[in-house]
Amino acid sequence: APSFNVPTSSAPSADENLEPQEVRDARAAAKKTILKDAEKEAVEAEKLAKIAKEKVKSAKKDFKEAKGEACATRPGGKILCLRGLNVGY
């Protein structure tokens, strides 16, 4: 029958290398506070981004209406809207 040699040397226990529980708890609590602050910042940034997107959407709609009105009297009408290079739109 095969035999196996199991080392009998005492390996240092994982608990011997750890910091006290209070230190680890305090570190975890501090990291949680940092996480919550970062999440709040992210939510605020998302709200601002949503507002900015709404402004862009509104400005784009206004531009399309103005362009349509400007192109109505140009050659090609609203579909082709032939205009000079320095017109600006």
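**View 1. A nonpolar surface patch is formed by Ile79, Leu80 and Leu82.** Together the three residues have about 380 Å² of accessible area. Accessible areas come from the Shrake-Rupley method with a 1.4 Å probe, and for residues only the protein chains shown count as cover. Patches take residues with over 30% relative accessible area and no salt bridge; like charges are joined within 9 Å, nonpolar side chains (Val, Leu, Ile, Met, Phe, Trp, Tyr) within 5 Å. Leucine 82 sits in the segment after α2. The model is predicted: local features need pLDDT of at least 70, side-chain atom pairs count only at pLDDT 80 or more, and totals for chains, interfaces and linings use all residues. Residues are numbered from 1 along each chain as its sequence is written, and side-chain values use heavy atoms, leaving out hydrogens and water.

View 2. The protein has 89 residues, and 4% of them count as buried. Buried means under 20% relative accessible area, exposed means over 50%, and partly exposed lies in between (1.4 Å probe, protein chains only). The exposed surface comes to about 8300 Å². Carbon and sulfur atoms supply 59% of that area.

**View 3. A disulfide joins cysteine 71 to cysteine 81.** A search of the whole structure finds 1 disulfide, defined as a pair of cysteine sulfur atoms within 2.5 Å. The S to S distance is 1.7 Å. The link is left-handed, with -75° about the S-S bond. The pair links distant parts of the chain, 10 residues apart. Cysteine 71 belongs to helix α1 (residues 21-71), whereas cysteine 81 lies in the segment after α2 (77-80).

**View 4. Cysteine 81 has a positive phi.** The value is near 50°, in a residue other than glycine. Cysteine 81 has a relative accessible area of 5%, so it counts as buried.

**View 5. Glutamate 19 and arginine 27 meet in a salt bridge.** A salt bridge is a side-chain nitrogen of Lys or Arg within 4 Å of a carboxyl oxygen of Asp or Glu. By this rule the count is 2 salt bridges. The N to O distance between glutamate 19 and arginine 27 is 2.4 Å. Glutamate 19 counts as partly exposed at 36% relative accessibility. Arginine 27 is also partly exposed, at 40%.

**View 6. A salt bridge pairs glutamate 44 with lysine 47.** Their side chains meet at 3.8 Å, N to O. Both residues, glutamate 44 and lysine 47, lie in helix α1. They are 3 residues apart, about one turn of the helix. Glutamate 44 is partly exposed at 45% relative accessibility. Lysine 47 is partly exposed at 48%.

Conventions. Helices (H or I, at least four residues) and strands (E, at least two) are DSSP runs, numbered from the N terminus.
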